[in-house]
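Reader: I would like to go through this protein and ask what the terms used for it rest on.

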Amino acid sequence: DHYLIGNSAMGYEMENSFHSELLLITILTAVSIFLVVVFTFRSLIIPALLVLLVQCGVYITVMVVGLQGLEIYYLALLIVECILMGATIDYGILYTSYYREMRAHMPVRDALIAAYRGSIHTVLTSGSILVLVTAVDGRFFCNLAVEQICRTISIGAFAAILLILLFLPGVLALFDRWVLPRALRRQLYPPKARGAQSAKQEHKM
C-alpha cells in the first residue's frame, strides 16, 4: 500500500469530491430546515417557499463572488452555505408569521404592509449586524480562508435580506390561499362560495 500526501494530493482529492459533498450538504441543510419550519407552521408550502428563497440567496452569493473574480475556498463555501441557510431563514419565518397573523383581519395588501411594519426593524437590525460585522472583521484576518468566509457570509446575508424584503411579500401574496392556516383558509376561501360563483357564471353563459 502507498499513500500520497501534500497540497497536490489534497487538492486533487477535494476537487474530485467537491460536487458530491456540496450537493450532500445542500440537501441535508435544506431538509433539516424544512422539517423545523414544517413543525413551526404545520404546512408544507411555507417551508418549501422559504427554503427555496434562502437557497436562491446562496446561489446569488456564489454568482456575485464569481463576477468579482474572487476565489472561494472549498471549506469556506460549505461553511457559508450552512450558516446562511440557518441564520437568514429566521427573517423569512418572522415576516411570514406576521403576515399570517395580520391576514386574519386584513386584506392581502394591508397584511403585507402590517407584516413589514412588524418585522422590518428586527430584520434590518439583525441583518445589518450580520452583514457589517462579517464584512469589517474579514478585512482584519490574515488567514485567507477566514477572510473569505466572513466576506461571503456578508454578501450572502445581504442577498437574503433583499430577497426576503423584496420578493417574499409577492410570493406570499401569490400563494396566499396555501400559506394561511387551515381554519382561516376555509373562512376566506370557502368551497361553497367558489362553487356558487362558477354556477352563476355558467348560468350567465
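**Terms and the values behind them**

Author: This is a predicted model. The secondary structure of the protein comes to nine helices and zero strands.

Reader: What pattern does the protein follow along the sequence?

Author: The pattern reads α-α-α-α-α-α-α-α-α.

Reader: Why is Cys-150 called buried?

Author: Buried means under 20% relative accessible area. Cys-150 has 12% relative accessibility, so Cys-150 counts as buried. Of the 205 residues of the protein, 36% count as buried.

Reader: What makes Cys-56 partly exposed?

Author: Partly exposed lies between the buried limit of 20% and the exposed limit of 50%. The relative accessibility of Cys-56 is 38%, and therefore Cys-56 counts as partly exposed.

Reader: How many disulfides does the structure hold?

Author: The structure holds zero disulfides. To count as one, a pair of cysteine sulfur atoms must be within 2.5 Å.

Reader: Where is Leu-35, and why is Leu-35 called partly exposed?

Author: Leu-35 is in helix α1, which covers residues 7-41. Its relative accessible area is 45%, so Leu-35 is partly exposed.

Reader: What makes Leu-35 part of a nonpolar patch on the surface?

Author: A patch residue needs over 30% relative accessible area and no salt bridge, and nonpolar side chains are joined within 5 Å. Leu-35 has 45%. The patch is formed by Leu-23, Ile-27, Val-31, Leu-35 and Phe-39, with about 520 Å² of accessible area together.

Key:
Residues are numbered from 1 along each chain as its sequence is written. This is a predicted model: local features need pLDDT of at least 70, side-chain atom pairs count only at pLDDT 80 or more; totals for chains, interfaces and linings use all residues. Side-chain values use heavy atoms; hydrogens and water are left out. Buried means under 20% relative accessible area, exposed over 50%, partly exposed in between (1.4 Å probe, protein chains only). Helices (H or I, at least four residues) and strands (E, at least two) are DSSP runs, numbered from the N terminus. Patches are made of residues with over 30% relative accessible area and no salt bridge: like charges are joined within 9 Å, nonpolar side chains (Val, Leu, Ile, Met, Phe, Trp, Tyr) within 5 Å. Accessible areas come from the Shrake-Rupley method with a 1.4 Å probe; for residues, only the protein chains shown count as cover. A salt bridge is a side-chain nitrogen of Lys or Arg within 4 Å of a carboxyl oxygen of Asp or Glu.
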